[in-house]
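Please look at the sequence and the 3D structure below. The paragraphs after it lead through some of the parts in turn.

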Amino acid sequence: MRASNLQLTAVRLTTGAVAQNPENAMVYVPDYPIMTQRLRLRPFTRGDVEAVFAYRRREDVAQFLFDSPMTLETVTEAVQQRISQSALEQEGDKLVLAVDLRETGELIGEISLIWRSEIARQGELGYIFNPEFHGQGYATEASAALLDIGFSEIGLHRIMARCDARNNASWRVMERLGMRREAHFREHARFKGEWDEEFVYAILEDEWAARQAPSTLSADKERPAFG
């Protein structure tokens with residue numbers, strides 16, 4: 001059973017933990033690292049700056065992001081912020097995790113889960129990956145692990161994701177995860193000097209549960225890979 005709303009004191013936890021902070025608020029902290037068949041998801045560290053700069057400085061990565069290609073200085077600031085984004089305490093908080101290859105330890109991207117609404121139990125998924133590692137299912141595999149945590153451990157009811165309609169690789173990841181296209185917004189905002197076009201995808205907790213086999217998690221807590 002899952003909690004009727006996302007109160008972290010009532011969440012069904014399997015690999016994560018609820019800790020008491022000095023203000024007596026309950027905090028959800030996943031059991032890091034989160035392991036999948038090929039990947040390791042973990043909090044960022046100061047040592048990740050160069051690896052993040054390798055892809056966040058690229059024009060093809062920034063094309064569909066609100067950010068412009070980032071300098072080493074802005075990447076350093078961003079990584080410093082991400083270091084603290086590894087737990088959920090209140091609505092609006094986010095998990096922003098580094099994604100490593102298990103085999104080599106190389107950082108290949110980042111993935112996020114934002115707690116959008118406590119009452120409605122809503123979350124938002126996001127991901128950015130180094131183009132050098134596109135086309136191998138890594139974004140789908142990492143996203144599946146975070147969706148599983150969002151539904152099975154945190155108790156979210158619905159998780160959505162959004163992308164520029166021109167970003168074919170991104171919305172195809174969403175579809176491989178079983179997410180439905182719920183909206184196609186045309187010219188609803190200005191983006192980098194142009195009218196934007198945005199897709200919104202989402203999946204409900206019951207829809208996610210129906211996609212999972214009884215043996216979703218193995219004895220060593222690995223989550224399955226997706227193509």
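A residue is called buried if its relative accessible area is under 20%, exposed if over 50%, and partly exposed in between, using a 1.4 Å probe and protein chains only. By this rule, Pro 30 is buried, because its relative accessible area is 5%. Pro 30 sits in the loop between β2 (26-29) and β3 (34-35). Although Pro 30 and Ile 149 are 119 residues apart in sequence, their C-alpha atoms are 8.3 Å apart in space.

The model is a predicted one: local features need pLDDT of at least 70, side-chain atom pairs count only at pLDDT 80 or more, and totals for chains, interfaces and linings use all residues. Residues are numbered from 1 along each chain as its sequence is written, and side-chain values use heavy atoms, with hydrogens and water left out. The helices (H or I, at least four residues) and strands (E, at least two) are DSSP runs, numbered from the N terminus.

Take a helix next. Helix α3 covers residues 72-83, which is 12 residues. From its first C-alpha to its last, α3 reaches 17 Å, close to the 16 Å expected at 1.5 Å a residue. The expected span of a helix is 1.5 Å times one less than its number of residues. Which residues of α3 are buried? They are Val 75, Ala 78, Val 79 and Arg 82. Seen down the axis of α3, these buried residues fall within an arc of 100°, so they line one face of the helix. The arc is taken from the directions from the helix axis to the C-beta atoms. An α-helix has 3.6 residues a turn, so residues three or four places apart point the same way. On the face of α3 turned away from the buried side are the exposed residues Glu 73 and Glu 77. The buried residues of α3 are covered by parts that include α1 (49-56), β5 (94-101) and β6 (107-117).

From here, follow the strands. Ser 117 belongs to β6 and counts as buried, because its relative accessibility is 16%. Leaving aside residues up to four places away in sequence, Ser 117 touches Glu 91 and Gln 122, where contact means heavy atoms within 4.5 Å.

Two strands pair if DSSP finds at least two bridges between them.

Glu 124 stands opposite Met 160 in β8. Between β7 and β8 the chain passes through helix α4 (residues 138-154), and this β-α-β crossover is right-handed. Right-handed means that, with the strands pointing away from the viewer, the path from the first strand over the helix to the second runs clockwise.

The last topic is charged side chains. Side chains of opposite charge can pair when their charged atoms come close. A salt bridge is a side-chain nitrogen of Lys or Arg within 4 Å of a carboxyl oxygen of Asp or Glu. In the whole structure, 19 salt bridges are found. One of them joins Arg 40 and Asp 100, at 2.6 Å from N to O. Arg 40 lies in strand β4 (residues 39-43) and Asp 100 in strand β5, so the pair ties together parts that are 60 residues apart in sequence. Arg 40 is partly exposed at 29%, whereas Asp 100 is buried at 0%.

Glu 182 and Arg 158 also meet in a salt bridge, at 2.6 Å from N to O. This pair links distant parts of the chain, with Glu 182 in strand β9 (residues 180-191) and Arg 158 in strand β8, 24 residues apart. Glu 182 is partly exposed at 38% relative accessibility, and Arg 158 is buried at 18%.
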